[in-house]
Amino acid sequence: MTTQAQAAPAAQDSPERVLGMVQAINDALDVAMSMDDTVFELGEDIQDPAGGGFKVHKGLSTKFGLDRVRPTPISEQAIMGAAVGAAIAGMRPVAEIMLMNFISVAADQLINHAAKIRYMSGGQTKVPLVVRTTTGAGGGFGAQHSDMLEAPLTHTAGLKVVVPSTAADAKGLLLSSIFDDDPVVFVEMFMLYYSQKGHVPPGDYRVPLGKLRTAREGSDVSLISWGRQVHECVAVADKLSADGIDAEVIDLRSLVPLDREGLLNAVGRTKRAVVVHEAVRRSGYGAELAATIHEELFGELAGPVRRVGGADTPVPYARNLEAEFLPHAGRIEQAVRSLF
Amino acid sequence: MTTSLDTETRIEVSPQILLGIYTTAIKIKIYDDTYVSALKTGKAAGMYYSPRGQEIIPSAFAQVLRTDDYVLTIYRGIHDQIAKGVPLRELTAEFLGRATGTCKGKGGPMHITHPDSGLMVTTGVVGSGLPIGVGIALAAQMRGTDQVTVVNFGDGASNIGAFHEALNLASVWNLPVIFVCQNNQYAEYTAYAVGTSAKHIADRAAGYSMRSFRVNGNDPAQMYHAALASVEAARAGNGPTLIEAETYRFRGHTPADPMQYMPKEELQQAIAADPVPALRQRLIDESIATEDELGALEASLKQEIDEAFEFALASPQPDPSELYTDL
């Protein structure tokens with residue numbers, strides 16, 4: 001059993017504390033539930049002792065009780081629907097859909113209801129709901145447990161879509177999402193659960209939605225990405241600097257709302273842009289960004305906006321095929337070099 | 001655990017309750033007649049799903065529910081909305097897409113919302129209200145209030161997967177929610193037996209260890225007692241109920257529906273047993289009200305409804321800037 005002492009953030013509250021992304025998310029949930037009685041979680045397997053398949057909720061049901069860290073049956077429509085209902089009746093639910101592919105099972109509640117209820121009601125009923133989910137290729141989970149499905153969500157008016165790339169951002173963006181009055185789909189990439197560790201501020205630390213982060217300064221080309229691929233882009237940028245290409249890396253952090261001004265300012269400076277995302281390239285959010293940049297900066301660009309995405313295939317299982325599916329460093333580098 | 005109230009002997013209901021049920025039911029009937037006529041004359045346009053024949057069900061609930069109780073309904077929901085007390089002027093204006101509507105004209109007939117009356121959600125997607133009702137009831141339970149949530153849906157919705165997920169979860173969490181299946185015998189253009197394996201929808205409650213009632217939804221007394229028992233149970237913390245209220249839809253799925261799938265005799269029989277005039281006759285027979293009193297009530301309701309239409313028709317469309325608000 002997890003004890004309350006293990007769960008409480010008190011012991012970790014030194015300003016120098018370094019947390020992994022899982023701990024950072026746990027911390028955000030802990031802080032939000034401590035601050036506001038209307039915040040509660042619901043989802044599959046989230047109760048102790050497991051605290052979720054990835055241990056994101058470790059200790060929370062012990063600390064806050066099963067009323068507020070509420071295990072559900074494997075019923076995605078009911079989880080999403082109950083979260084929508086609780087949200088319009090005055091709560092701030094944080095629903096976990098175990099893997100992003102399962103959002104398709106709950107799509108009616110998310111797309112037809114969560115996204116539209118505030119608008120359809122003329123603003124009478126708000127939907128302060130966060131849907132946390134995780135996904136990503138690279139874990140060997142095959143085609144139905146790995147998809148990045150952010151593009152259709154950004155194409156659904158009424159939803160906000162957030163993808164953190166660092167532990168601190170995961171905490172700060174999640175707290176902002178929980179206290180936002182609109183539905184937010186919060187996409188965690190589980191490969192980052194293990195790779196990301198960093199200083200995470202204690203307490204009610206928030207990162208505003210709709211503000212990009214410059215992950216690496218540079219003046220010759222802007223690599224624009226989110227989630228796991230931000231780190232791939234930084235690695236490629238570091239490599240390219242040896243060849244005299246000074247690449248900037250932009251971490252969008254939230255896709256909706258989009259930091260349009262920050263994005264256009266960045267590309268306006270560098271005149272070159274490469275959009276990199278893990279989702280399949282065809283009809284990906286990168287196409288929207290490329291079109292936006294072309295519409296606004298066409299005459300100023302040194303070349304066309306390049307897009308690097310996942311292969312236009314389901315995510316394959318075999319390790320070599322899965323590695324090739326991903327927008328890996330080689331493909332990112334090739335796209336950047338094509339602009340010089 | 002299904003209790004079939006229609007096999008029991010006649011249940012007592014006070015004269016005041018019967019008169020209250022009639023007052024709501026006749027309001028719905030007059031409203032529906034007025035709307036259908038407005039569609040024919042071109043005064044109203046757009047989607048309209050008549051609930052004619054199903055008036056008693058929400059009218060009986062209206063005698064039991066408080067304003068702060070929650071109701072969810074579906075696109076065929078005008079009877080539920082009127083019974084919950086959504087103001088007629090704003091309701092009609094919303095149906096006609098006007099700025100003065102409940103939702104500023106942005107929701108329309110299939111998405112009526114009026115939280116001040118407790119009308120929380122009207123969904124255009126069959127069966128989707130059930131999981132949302134679970135969440136609203138959960139919020140009431142977590143906040144420690146004794147508010148009750150009533151989710152209305154049709155027999156067709158009972159074949160949607162969300163029905164199963166919602167009833168299971170409501171039972172697991174012992175929520176103060178009442179699922180009211182208004183079984184009007186037709187899922188859009190398809191008869192009950194074509195698409196439903198269960199003899200009765202209420203029988204399905206057993207699979208969720210849930211209390212249930214199967215009643216003649218057109219019988220005010222049966223419907224009232226099912227509503228009362230389920231609401232009292234929910235308020236007392238004794239969990240959810242599934243009510244199957246058997247009824248009949250007098251008009252087509254939409255105004256454009258030629259109703260070829262309904263046997264003529266069956267429809268004629270149902271209309272001959274129209275529960276609204278039947279209740280009116282009962283009020284007179286049992287000296288609960290006089291012909292003059294009911295005539296005055298009906299004239300006053302007709303005037304209120306006509307005024308609601310006039311208000312709506314005189315109201316402007318939403319300002320174009322509304323396209324980008326409430327996002």
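**Reading the backbone and the interface**

Analyst: B:M259 is partly exposed, with 14 other C-beta atoms within 10 Å. Here a residue is buried if 20 or more other C-beta atoms, placed from the backbone, lie within 10 Å of its own, exposed if 12 or fewer, and partly exposed in between. The model is predicted: local features need pLDDT of at least 70, side-chain atom pairs count only at pLDDT 80 or more, and totals for chains, interfaces and linings use all residues. Residues are numbered from 1 along each chain as its sequence is written, while chains are lettered from A and ligands numbered from 1 in the order in which they are written.

User: Which residues have a positive phi although they are not glycine?

Analyst: Most residues other than glycine have a negative phi, and most peptide bonds are trans. In this model B:M259 has a positive phi of about 60°, and B:E188 has one of about 55°. B:M259 lies in the loop between β9 (241-246) and α9 (264-272) of chain B; helices (H or I, at least four residues) and strands (E, at least two) are DSSP runs, numbered from the N terminus. B:E188 belongs to the loop between β6 (186-187) and β7 (190-191) of chain B, and B:E188 counts as partly exposed because 14 C-beta neighbours lie inside 10 Å.

User: How many residues of chain B are in contact with chain A?

Analyst: Two residues are in contact if their C-beta atoms, placed from the backbone, lie within 7 Å. By this criterion, 30 residues of chain B are in contact with 31 residues of chain A. On the chain B side, α5 (129-143) and α6 (161-172) each supply at least two residues, and α5(B) gives the most, with 11 residues. This side divides into 17 nonpolar, eight polar and five charged residues; Ala, Val, Leu, Ile, Met, Phe, Trp, Tyr, Cys and Pro count as nonpolar, Asp, Glu, Lys and Arg as charged, and the others, Gly among them, as polar.
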